[in-house]
Amino acid sequence: MLGAISVTHPASTTLSSWTYSRTSGNRLFLSGYKPRTVSMSLSNNRSSNKKQLEGESLYLGLDFGTSGARFAIIDIVGTIQAEAKRNYPIYLNGESRDWARSWKETLFLLLEDIPLNLRKHIVSISIDGTSATTMIVDSDTGEPLWRPLLYNESCPDALPAVKSIAPPNHTVCTASSTLCKLVSWWNQEGSNQKSALLLHQADWLLWLLHGKLGVSDYNNALKVGYDPEVDSYPSWLVCQPYSHLLPSVVAPGTPIACLKEELRNKFGFQKECVVCSGTTDSIAAFLAARATQPGKAVTSLGSTLAIKLLSNTRIEDSRFGVYSHRLDDKWLVGGASNTGGVVLRQIFTDDQLEKLSEQINPSQISLLDYYPLPKAGERFPIADPELAPRLLPRPENDVEYLHGILESIARIEAKGYGLLKELGATEVDQVFTAGGGAKNEKWTKIRERVLGLPVSRADQTEAAYGTALLAIKGDQQNIL
């Protein structure tokens, strides 16, 4: 086993205008970057690592999340050999955040962070990105033609047009879908662009590594309208005037090409290192939990409550924000509630949560009936934009109050899994937990009682780990 390495970098707050120089082909080259000092700690002796490294294959997964990115390097059995993270540096293009530059710089900084003695053993790379983060790029150069439209941005101006062509309750029929973003851009700028291409965040970052422009995966492409069940774009989409912008689609973890020669030479990777198609960050986090059988589920207890269930059947219902991602021959069904940790932090400090939780008797049923929300509006398992938070009456005893809130969130979780079953998904039989709430053992026992199911904390929850597993899959089917 290799020595595990952990690297953490503070937030970068470098402010810069978007400066560039042009060369032939109108390709933009950004300037103004200053490297930062890197510090590392090795858990094992460096000399023993060298002996153990001989002939060993390693796999690199990179996760590009909302505020930063990280990598995980694992061996064939899934043992983490190195990991690091960086926050995105801040750059401005006029008054807008220059996200593309931040992501690109962070990608290459993370590659630099990989210990030199590990790089030559990496045989496969994959990247995940935030779902529905959309980029319109030049189809010749790959350079962005428009600012990236982030995962949480909505384009309500395009929603009527999308609803007029898509089937009822389709995944694309939400203002934040990739297709709505594409249509919104097309209506503003698209008809004037001769050579444009739609990519997702992960697609573009992977292109920087393999150089094959125009490839996506069927997890990222779901929200632009791709049908993973029949492995094609639907006829109602391909007849649209902007359909030529759509990327080709392959399965997540498909080998695309070897790492570009210039990058191999610069960073010291091996000649055969292959770059594989990616996935979304939430799916990568599910893969990390290694819930591989139908009926296994992962509940993420972070700021919000999100559930994902591996199912034999596909279900879709945009009314509840429910949709299915394909995972090989199975379906990953998901939904997300607005309840969660953000409500708890509106009422209690972290220290209070810890001390009050210790005093809760999880075997005792709380008679308090709440619907904890940070503000009015719910999407799953109740679709009601006007649903008001219900956090009263508040008992004098804060232990009872916290108990009531935790149990009420557990009831919402149970209702969510119940709704997925009603819509036709495989019934849940085991739940793994990710996110900050997974650390609260009393809450875990409450949820076990309310759900009537075994509930445990996932051993691995980092999306970068799940993407590294995807890199293993890519290497195993590599015929490049």
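1. A residue is called buried here when its relative accessible area is under 20%, exposed when that area is over 50%, and partly exposed in between, with a 1.4 Å probe and only protein chains considered. At 1% relative accessibility, Gln 201 therefore counts as buried.

2. This is a predicted model, in which local features need pLDDT of at least 70 and side-chain atom pairs count only at pLDDT 80 or more, while totals for chains, interfaces and linings use all residues. Residues are numbered from 1 along each chain as its sequence is written, and side-chain values use heavy atoms, with hydrogens and water left out.

3. For a reader new to the protein, the overall inventory is 14 helices and 23 strands, where helices (H or I, at least four residues) and strands (E, at least two) are DSSP runs numbered from the N terminus. Buried residues account for 55% of the 480 residues. The accessible surface, computed by the Shrake-Rupley method with a 1.4 Å probe, comes to about 20800 Å², and 49% of it belongs to carbon and sulfur atoms. Of the contacts (heavy atoms within 4.5 Å) between residues at least 6 apart in sequence, 70% join residues at least 24 apart.

4. Gln 201 lies in helix H6, which spans residues 201–210 and is mostly covered, with 10 of its 10 residues buried. Among the buried residues of H6 are Trp 204, Trp 207 and His 210. When its neighbours within four places in sequence are left aside, Gln 201 is in contact with Phe 64, Tyr 88, Trp 103, Gly 129, Thr 130, Thr 133 and Met 135. The residue that follows H6 is Gly 211, whose phi is positive, near 80 degrees.

5. Two strands are said to pair if DSSP finds at least two bridges between them. On that basis S10 pairs with strand S5 (residues 58–64) in the parallel sense over six bridges, and Leu 62 stands opposite Ile 127 of S10.

6. A separate point concerns an open sheet of six strands, whose order is S20-S21-S19-S18-S22-S23 and whose pairing is mixed. Its edge strands, each pairing on one side only, are S20 (323–327) and S23 (455–457). Neighbouring strands of this sheet are turned by 25 degrees against each other on average, with direction ignored. S20 and S21 (residues 330–337) pair in the antiparallel sense over five bridges, and Leu 327 stands opposite Lys 330 of S21.

7. Helix H9 (residues 281–288) packs on this sheet and touches S18 (296–301), S19 (305–311), S20 and S21, its direction making about 55 degrees with that of S20. Helix H12 (residues 398–422) lies across S18, S19, S21 and S22 (430–434), running at about 30 degrees to S19. For these angles, axes are lines fitted to C-alpha atoms, for helices over the stretch in contact, and angles run from 0 to 180 degrees between N-to-C directions.
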